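Visitor: Before we discuss the architecture, could you show me the model and tell me how its terms are to be read?

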Amino acid sequence: MDEVRNPFAPGAGSQPPELAGRDRILDDAKIAVQRVIRGKPTQSQILLGLRGVGKTVLLNKIEQIAEEHGHLTSIIEAPEGVPLPTLIYPRIHQILRKLSVVEQARISTFNAMRALRGFASVFKVEIGDFALSVDPETGTADSGNIEYDLAELFVKVGEAAKAAGRGWTLLIDEIQYIGDQDYAALIVAIHRVNQKGLPVLFFGAGLPQVAALSGDAKSYAERLFSYRSVGALDQKSAELAIRNPIEEEGERIELDALHAIVGKTRGYPYFLQEWGYQAWNTADRSPIDVVDVDQSSQKALQRLDDGFFRVRFDRLTPREREYVCAMAKLGDGPYKSGDVAEMMKEPPNKLGPMRASIIKKGMIYSPSYGDIDFTVPLFGDYLVRNWIKASAPGG
């Protein structure tokens with residue numbers, strides 16, 4: 001069919017045409033942004049899930065919701081190894097510039113600007129083109145202790161937002177890459193603005209291990225945040241994610257073909273987009289049938305192997321690749337660390353540092369004590385297709 005009209009959008013963080021199965025998360029976010037601006041107690045939220053389940057898409061949608069309800073927003077994708085002060089400084093500067101034009105918030109905004117100047121100085125943030133033409137306020141957000149200073153800075157920003165009758169929503173993707181001390185400081189800062197009833201909300205997204213990291217950072221994090229699991233879509237939602245975009249373009253898909261796509265993708269949103277995209281392009285005419293789906297599957301898998309899976313596999317060292325291949329040889333996860341060690345014919349304690357390195361790279365996580373699993377859905381199948389079978393005799 002006409003590729004120009006193809007409604008599907010496979011890609012990292014791309015907004016799908018049908019955001020199915022996430023209504024509860026979005027409804028809760030809509031309630032939260034309205035409550036906090038009225039000074040009502042509200043939990044910030046952290047979205048937890050594997051790669052490709054749509055966490056980034058949800059953050060982008062929540063940003064839009066917050067803006068529609070009077071919030072200024074700052075969205076950050078946390079890269080590995082970059083300190084939080086460096087990430088957050090230009091975003092807060094941007095927020096304060098917007099607040100500075102509101103007459104009733106000018107004094108509060110000026111005070112927040114001074115706090116930001118001291119914060120940037122003590123943490124040696126390279127401010128470049130964002131230099132502030134204000135003097136720092138000595139003794140505010142400039143102690144050099146990130147927990148104290150970030151909390152003070154957030155309070156100043158929250159006071160400026162409140163004076164302007166606005167809210168501030170901070171959204172951070174890939175929060176598992178934020179350093180331990182910085183993450184603890186972020187938790188303290190959100191806790192502090194909550195205590196003072198300021199209109200500041202935080203929405204984070206990350207891999208499943210983030211919940212444990214939060215608890216390790218601060219014991220009260222489990223009460224401070226609402227942790228929302230973002231996983232594969234159920235059968236009905238997965239079908240809607242495929243059928244509705246097709247029908248909105250005036251075309252149809254047969255029920256058997258719809259079931260085939262949901263089965264092959266196991267309901268994972270990124271894969272649904274990929275299979276929908278390929279099935280549409282493969283079909284000569286409407287309705288899309290199961291033959292079209294079967295013929296498009298090889299193209300979908302090849303694109304995933306060359307992109308979604310391969311870029312992650314390439315981050316691993318040769319020895320780390322042996323480890324994840326040993327996991328895949330065991331079948332579907334979760335896997336016992338001891339079973340992986342036995343497969344590799346190594347003592348478990350010797351593999352501990354390697355396992356920790358792979359976890360740090362975001363390739364595997366520990367769903368429970370002694371267990372490990374892939375953070376990328378169907379990654380084990382990819383390894384079997386491309387590395388295990390290929391290296392087997394006669395492969």
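Guide: Contact here means heavy atoms within 4.5 Å, and helices (H or I, at least four residues) and strands (E, at least two) are DSSP runs numbered from the N terminus. The model is a predicted one, in which local features need pLDDT of at least 70 and side-chain atom pairs count only at pLDDT 80 or more, while totals for chains, interfaces and linings use all residues. Residues are numbered from 1 along each chain as its sequence is written, and side-chain values use heavy atoms, with hydrogens and water left out.

Visitor: Which residues of helix 13 meet which residues of helix 15?

Guide: Arg319, Glu320, Tyr323 and Val324 in helix 13 meet Leu351, Met354, Arg355, Ser357 and Ile358 in helix 15. The axes of helix 13 and helix 15 (residues 348-360) come within 10 Å and cross at roughly 90 degrees, where axes are lines fitted to C-alpha atoms, for helices over the stretch in contact, and angles run from 0 to 180 degrees between N-to-C directions.

Visitor: Why is helix 13 called roughly perpendicular to helix 15?

Guide: Angles under 35 degrees count as roughly parallel, over 145 as roughly antiparallel, 65 to 115 as roughly perpendicular and the rest as oblique. The crossing of roughly 90 degrees therefore makes helix 13 roughly perpendicular to helix 15.

Visitor: What makes strand 6 and strand 7 edge strands?

Guide: Two strands pair if DSSP finds at least two bridges between them. The open sheet of three strands has the order 6-8-7 with antiparallel pairing, and strand 6 (335-336) and strand 7 (364-365) each pair on one side only. Strand 7 is joined to strand 8 (residues 371-374) by two bridges, and tyrosine 365 has aspartate 373 as its bridge partner in strand 8. Helix 13 (residues 318-329) packs on this sheet, touching strand 6, strand 7 and strand 8, and its direction makes about 95 degrees with that of strand 8.

Visitor: Why are strand 2 and strand 5 said to stand at the edges?

Guide: An open sheet of five strands has the order 2-3-4-1-5, with parallel pairing. Strand 2 (71-77) and strand 5 (225-229) each have a single partner strand, so one side of each is left without a neighbour in the sheet. From one strand to the next the twist averages 15 degrees. Strand 1 (residues 44-48) pairs with strand 5 over five bridges in the parallel sense, and serine 229 in strand 5 is the bridge partner of leucine 48. Helix 1 (residues 23-37) packs on the sheet, touching strand 1, strand 2, strand 3, strand 4 and strand 5, with its direction at about 155 degrees to that of strand 4. Helix 5 also packs on the sheet, touching strand 3 and strand 4, and its direction makes about 135 degrees with that of strand 3.

Visitor: What span is expected for helix 5 at 1.5 Å a residue, and what does the helix reach?

Guide: The expected span is 1.5 Å times one less than the number of residues. Helix 5 (residues 146-163) has 18 residues and reaches 26 Å from its first C-alpha to its last, close to the 26 Å expected. Helix 6 (residues 180-195), with 16 residues, reaches 23 Å, close to the 22 Å expected.

Visitor: What lies at the start of helix 5?

Guide: A side-chain oxygen of asparagine 145 reaches to within 3.0 Å of the backbone nitrogen of glutamate 147. Just after helix 5, glycine 165 takes a positive phi of about 75 degrees.

Visitor: Is threonine 109 buried or exposed, and why?

Guide: Buried means under 20% relative accessible area, exposed over 50% and partly exposed in between (1.4 Å probe, protein chains only). Threonine 109, found in helix 4, has 2% relative accessibility and so counts as buried.

Methods
Polar contact = N/O pair within 3.5 Å; in protein donor to acceptor, adjacent residues only side chain to side chain.
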